[in-house]
Amino acid sequence: MESSFLQVQFDYTQLQDAINIAVDQALERHTLKSSLPPLLTKSQLMDLLDIGATKASELLNREDFPVIREFGHPRVPTHSLMIWIDEHTDWIRDNSGEKSKVKRKGRVA
């Protein structure tokens, strides 16, 4: 009776590269989070998410979006925003940044 074994070989260089990339991304996220103010204005939100005023207003008016209105102008708690982004990553990816700009080019204003 012949037995077969699963043989796994690791390319330690590729593994180390993957670990380095993951660590670099985590440090980058941490640096960004620690450099932001505790509350974001609408224009800071627009800069951070690379979105325009219309999309920022849309976000600020969503029921599930973390916004505080008690300061006269809407403010977004940075910590809550990061949690919201993690929970809504597909929506963010589809509606902000370069992908959104490509979508907008085909629309009539």
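1. Let me start with Thr78, which sits in helix α4; helices here are DSSP runs of H or I with at least four residues, strands are E runs of at least two, and both are numbered from the N terminus. At 6% relative accessibility, Thr78 counts as buried, a label for residues under 20% relative accessible area, with exposed meaning over 50% and partly exposed in between (1.4 Å probe, protein chains only). Leaving aside residues up to four places away in sequence, Thr78 touches Leu36, Pro37, Pro38, Leu39 and Leu40, where a contact means heavy atoms within 4.5 Å.

2. A word on the basis of all this: the model is predicted, so local features need pLDDT of at least 70 and side-chain atom pairs count only at pLDDT 80 or more, while totals for chains, interfaces and linings use all residues. Residues are numbered from 1 along each chain as its sequence is written, and side-chain values use heavy atoms, with hydrogens and water left out.

3. For the overall layout, the chain has 6 helices and 2 strands, and from the N terminus on its elements run α-β-α-α-β-α-α-α. Of the 109 residues in the chain, 22% are buried. Among contacts with a separation of 6 or more, 48% join residues 24 or more positions apart.

4. Next, the core. The largest nonpolar core has 14 residues, and those with the most contacts inside it are Leu45, Leu49, Leu59, Phe65, Val76, Leu81 and Ile85. At least two residues of this core come from each of α2 (42-49), α3 (53-60) and α4 (78-87), and α4 gives the most, with 4 residues. By nonpolar core I mean a set of buried Ala, Val, Leu, Ile, Met, Phe, Trp, Tyr and Cys residues joined through side-chain atoms within 4.5 Å. In soluble globular proteins, nonpolar side chains tend to be buried together.

5. Two leucines deserve a look. Leu59 touches Leu49, Ile51, Phe65, Trp84 and Trp91, not counting residues up to four places away in sequence. Leu49 lies in helix α2 and is buried, with a relative accessible area of 10%. Leu49 is 47 residues from Ser96 in sequence, yet the two are 6.6 Å apart in space, C-alpha to C-alpha.

6. How do the helices pack? α2 and α3 meet at an angle of about 110 degrees, with their axes 10 Å apart; axes are lines fitted to C-alpha atoms, for helices over the stretch in contact, and angles run from 0 to 180 degrees between N-to-C directions. That makes α2 roughly perpendicular to α3, the term for 65 to 115 degrees (under 35 is roughly parallel, over 145 roughly antiparallel, the rest oblique). The contact is made by Lys42, Leu45, Met46 and Leu49 of α2 and by Ala53, Ala56, Ser57, Leu59 and Leu60 of α3.

7. Finally, a backbone detail to check by eye. Asp50 lies in the loop between α2 and α3 and has a positive phi of about 55 degrees although it is not a glycine. Most residues other than glycine have a negative phi. Asp50 is partly exposed, with a relative accessible area of 35%.
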